[in-house]
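Please keep the sequence and the structure at hand while you read.

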Amino acid sequence: MIETERLILRGWRDADVPLHNAMCTDAAFMQHLGPPLPMAESHAAAERQKANLASYGSCFWAVELRETGGFVGYCGIKPGPEGTPIAGSPEIGWGIAPAHWRQGLAREAAAACLDWAWAERAWPTVYAITVLANAPSWGVMERLGMVRVKNGDFEHPSLAEGDPLRRHILYRIDRPG
């Protein structure tokens, strides 16, 4: 569990799945991620994160507000997707429900995850990926001190040829000296 002033990042609970699904059926949230997810895929996503936590020692944790205990999204570090330039490497990512956008929650959660990574893991580098059009996400990356990898753009293999979300950009941050 990781705690910040406003947030708790923790393992997934069954009660998180419908809240995750509500977020992943919101058109604004899914704009840069793809089509809305059916409930079964939200359940599978939670199970994948539980498996990542068990095997990798970290995952995209569930994020809740300390004040209310309410689920507001996810953030954490998991192995990068197979078939990408960061396959198996630490990938930081986040998703905050639109009702909680523009409050600095993604940056707060991600900064705490990086602090955790530098303290708890020997990873020399942590990566992040997104689509170029997702300026809010790469803006968070830059505010965290991440830099875009020169010549690091790639076609995400899990998306079909011609999918406007297939082209991804790559950011990185190295362990502080």
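In what order do the elements of the chain run from the N terminus on? They run β-β-α-α-α-β-β-β-α-β-α-β-β-β, giving five helices and nine strands. Helices (H or I, at least four residues) and strands (E, at least two) are DSSP runs, numbered from the N terminus.

A word on the source: this is a predicted model, in which local features need pLDDT of at least 70 and side-chain atom pairs count only at pLDDT 80 or more, while totals for chains, interfaces and linings use all residues. Residues are numbered from 1 along each chain as its sequence is written, and side-chain values use heavy atoms, with hydrogens and water left out.

**The chain as a whole**

| Property | Value |
|---|---|
| Box filled by the C-alpha atoms, along the principal axes | roughly 45 × 40 × 30 Å |
| Buried share of the 177 residues | 49% |

Buried means under 20% relative accessible area, exposed over 50%, and partly exposed in between (1.4 Å probe, protein chains only). Among contacts (heavy atoms within 4.5 Å) with a separation of 6 or more, 59% join residues 24 or more positions apart.

**The cores**

Now let us look inside. The largest nonpolar core has 34 residues; such a core is a set of buried Ala, Val, Leu, Ile, Met, Phe, Trp, Tyr and Cys residues joined through side-chain atoms within 4.5 Å. Elements giving two or more residues to this core include β2 (7–10), β5 (90–96) and β9 (167–174), and α4 gives the most, with 10 residues. A second, separate core of 12 residues includes Met 30, Ala 46, Phe 71 and Ala 97.

Leu 9 is one of the residues with the most contacts inside the largest core. Beyond neighbours within four places in sequence, Leu 9 touches Met 1, Ile 2, Trp 61, Ala 62, Val 63, Cys 75, Ala 109 and Cys 113.

Helix α1 (residues 16–23) buries Asp 16, Val 17, His 20, Asn 21 and Met 23. Seen down the axis of α1, these buried residues fall within an arc of 155°, so they line one face of the helix; the arc is that of the directions from the helix axis to the C-beta atoms. Their cover includes β2, α2 (27–30), α3 (39–56), β3, β4 and β5.

Asn 52 is found in helix α3. Asn 52 is buried, with a relative accessible area of 15%. Leaving aside neighbours within four places in sequence, Asn 52 is in contact with Gly 57, Ser 58, Cys 59, Lys 78 and Pro 79.
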